[in-house]
Amino acid sequence: VDYDAELKGARELPEQIFDVIEIVKDAHPMDALRTAVSALSGFDPDRNDNSTEATIRKGLRLTSQVPSIVMAHHNIRRGKDPIKPSTTLNHAGNFLYMMDGNEPSGQVMNLMDKDFVLHADHGSNASAFTARVVAGTAADIHGAVTAGIAALSGPSHGGAAENVMQMAREISKPENAADYVQNLLSNRQRVMGFGHRVYKSYDPRAKILKKTCGEVLERLGGRGELLEIAMGLEEIALRDEYFVSRGLYPNVDFYSGVI
């Protein structure tokens, strides 16, 4: 209970961070996030304290402030004012609320919560490894997280989910999926969202996201074209020799792009 209250009480950003976001508002969201997190180090009350206790406090604040940065940039680059964070909604619910000021339904909050938890379920991916290397030099947590965000932004890591979404939009309709995949393979290009360095079979996280995303979309009035296209791609991959022989199955980024 105390931890939850601390998280909810640490969502506000220093006013100067909004100025930083305004300056880089035309940048890619990951670049804006990286810049704002780095700038936050200068305003943290524990900025000159690198003790374990202070690092935990800074980490807690960062956990709450990162969603505020993401959604502040989302609104500022659209010419709108940032939405003040909620003091009552949970972490996932507040993230969605700050997008447009509308409180999300419980089911949609649950989907976002699952998405966050499933992304945290990883032993030591590229961004976590990068952050550990930086922290290992006794740099502060803001520096380590800034480096981790830089690693996460790459198309072979967190950027893959964005590329899946772009791929689905290019396909446009489910019936175009087969030709699109064959064209990529013929040109020796990757089909984004397939394959994983750890999971050599179907990524269990992708199964959960696929199921939950479908349930939410049906409640909202339809399965959605992006999900239909993604499911069509999956069907092609599960029976195509190229994917089967290489153990290339949907990974967590595949359905994250749809979400």
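In which kind of crossing does H11 pass H12, left-handed or right-handed? H11 passes H12 in a left-handed crossing; the crossing counts as left-handed if the near helix is turned anticlockwise from the far one by less than a right angle, and right-handed if clockwise.

## Before we start

This is a predicted model, in which local features need pLDDT of at least 70, side-chain atom pairs count only at pLDDT 80 or more, and totals for chains, interfaces and linings use all residues. Residues are numbered from 1 along each chain as its sequence is written, and side-chain values use heavy atoms, with hydrogens and water left out.

Helices (H or I, at least four residues) and strands (E, at least two) are DSSP runs, numbered from the N terminus.

## H11 and its partners

Let us stay with the opening pair. H11 and H12 pack with their axes 11 Å apart, at an angle of about 150 degrees. Here axes are lines fitted to C-alpha atoms, for helices over the stretch in contact, and angles run from 0 to 180 degrees between N-to-C directions. That angle makes H11 roughly antiparallel to H12. Angles under 35 degrees count as roughly parallel, over 145 as roughly antiparallel, 65 to 115 as roughly perpendicular and the rest as oblique. On the H11 side, Lys-210, Cys-213, Gly-214 and Leu-217 make the contact (heavy atoms within 4.5 Å), and on the H12 side, Leu-227, Met-231 and Glu-234 do. These residues divide into 4 nonpolar, 1 polar and 2 charged. For this sorting, Ala, Val, Leu, Ile, Met, Phe, Trp, Tyr, Cys and Pro count as nonpolar, Asp, Glu, Lys and Arg as charged, and the others, Gly among them, as polar.

The buried residues of H11 include Leu-209, Thr-212 and Val-216. Buried means under 20% relative accessible area, exposed over 50%, and partly exposed in between (1.4 Å probe, protein chains only). The buried residues of H11 pack against H6 (106–120), H12 (225–239) and H14 (252–258).

## H4 with two other helices

Now look at H4 (residues 52–76). The axes of H2 (residues 15–23) and H4 come within 10 Å and cross at roughly 50 degrees, which makes H2 oblique to H4. H2 passes H4 in a right-handed crossing. Phe-18, Ile-21 and Glu-22 of H2 meet Ile-69, Ala-72, His-73 and Ile-76 of H4, a set of 5 nonpolar, 1 polar and 1 charged.

H4 also packs with H8 (residues 141–152), at about 45 degrees and with axes 10 Å apart. H4 is therefore oblique to H8. From H4, Thr-55, Lys-58, Gly-59 and Leu-62 meet Ile-141, His-142 and Val-145 in H8; they divide into 3 nonpolar, 3 polar and 1 charged.

Leu-89 is found in the loop between H4 and H5 (91–100). Leu-89 is buried, with a relative accessible area of 8%. Apart from neighbours within four places in sequence, its contacts include Lys-8, Tyr-97 and Met-109.

Most residues other than glycine have a negative phi. Ser-172, which is not a glycine, has a positive phi of about 75 degrees. Ser-172 sits in the loop between H9 (159–171) and H10 (177–186) and is partly exposed, at 34% relative accessible area. Arg-188 is not a glycine either, and has a positive phi of about 55 degrees. Arg-188 lies in the loop between H10 and H11 (204–219) and is exposed, at 81%.
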